Amino acid sequence: MVIRQPILTWSWLRLAGATLILVALVVQLTASISAALANPTPHGGHLPTVLTNFFSYFTILSNVSAAIALLVAGGWGLRHASDAVIEPLPIARLRACVATYMITTGVVYNLLLRNAQVGISAPWVNEVLHVAAPLLLLADAFFAPGRRPLRWRVLVLIVALPIAWIGYTLLRANHVVSPITGDPWWYPYPFLDPHLVPGGYVGVAGYVAVVAVVIVGIGAGVVALSRWRGAG
């Protein structure tokens, strides 16, 4: 039985990437908890708020989902390296969603947030979550073997999480005291904060619209890649 070397190679690459992402996430979560415990102010030391805020960053959510997708796809690849099969539909859909989120994370961060304070403490963690991991998912979309062509309607699934996240963020923000500044609001990113963005909520809506276009465009590109490459 002939082993499909590309599937083995990509499976190990995916597993290595998932491990690196998880290590970076654990390091950052540990740093966030340590900072909260060391903060003497009432709001700064409120651990439940700090933990909820941590998992309210789109970067964190997209990287957690990326680690899960890479582990699932990598494990599937190792089990089927000797089979002439393409990836199951659930894995194909999961990878399309995650690739879109991670590429969007890389694009938005490097265009809008590279010089902003977004809660990442260690420089290497910052680069892993915002540069290395998005590049890995971009390469995975282009070059990974066993691709299953996806229907265009998967775009509805792709945009569901970002829409839910935006709604959650804007509804929650004005009910949370910032652990850092003590302000009676907390937004994960400056471009979502109507107190910072010129024009208030109108300005925020403009940024949201731009990001939405980016997500749909990247998602469409990921789906188009799956259809172009087929099972190659």
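A pocket is an open set of grid points with protein on both sides within 12 Å along at least five of seven lines, and its lining residues have an atom within 4 Å of a point. All views show a predicted model.

**View 1. Lining of the second largest pocket.** The lining consists of 19 residues, and P162, W165, I166, V211 and I215 lie nearest the pocket centre. Helix 3 (58-79), helix 4 (89-113), helix 6 (154-173) and helix 7 (201-229) each give two or more residues to this lining. By type, the lining residues are 16 nonpolar, three polar and no charged. The space in the pocket is about 300 Å³.

**View 2. Salt bridge between R14 and D140.** R14 belongs to helix 1 and D140 to helix 5 (residues 123-143), 126 residues apart in the chain. R14 is buried because its relative accessibility, 3%, is under 20%. D140 is likewise buried, at 2%.

**View 3. Salt bridges of E87 with R95 and R147.** The closest N and O atoms are 2.9 Å apart for E87 and R95, and 3.7 Å apart for R147 and E87. R147 lies in the loop between helix 5 and helix 6 and E87 in the loop between helix 3 and helix 4, so this pair ties together parts 60 residues apart in sequence. E87 is buried at 2% relative accessibility, R95 at 7% and R147 at 3%. A network of salt bridges links R14, E87, R95, D140 and R147.

**View 4. Nonpolar surface patch of L20, V23, V27 and W124.** Together these residues have about 330 Å² of accessible area. Helix 1 (residues 5-38) supplies three residues, the largest share of the patch. L20, in helix 1, is partly exposed at 40% relative accessibility.

Methods. Residues are numbered from 1 along each chain as its sequence is written. This is a predicted model: local features need pLDDT of at least 70, side-chain atom pairs count only at pLDDT 80 or more; totals for chains, interfaces and linings use all residues. Side-chain values use heavy atoms; hydrogens and water are left out. Patches are made of residues with over 30% relative accessible area and no salt bridge: like charges are joined within 9 Å, nonpolar side chains (Val, Leu, Ile, Met, Phe, Trp, Tyr) within 5 Å. Accessible areas come from the Shrake-Rupley method with a 1.4 Å probe; for residues, only the protein chains shown count as cover. A salt bridge is a side-chain nitrogen of Lys or Arg within 4 Å of a carboxyl oxygen of Asp or Glu. Helices (H or I, at least four residues) and strands (E, at least two) are DSSP runs, numbered from the N terminus. Buried means under 20% relative accessible area, exposed over 50%, partly exposed in between (1.4 Å probe, protein chains only). On a 1 Å grid over the protein atoms alone, a cavity is a set of points where a 1.4 Å probe fits but cannot get out, and a pocket is an open set with protein on both sides within 12 Å along at least five of seven lines; lining residues have an atom within 4 Å of a point. Grid points are joined across faces, edges and corners, and a volume is the space filled by probe spheres set on the points. Ala, Val, Leu, Ile, Met, Phe, Trp, Tyr, Cys and Pro count as nonpolar, Asp, Glu, Lys and Arg as charged, and the others, Gly among them, as polar.
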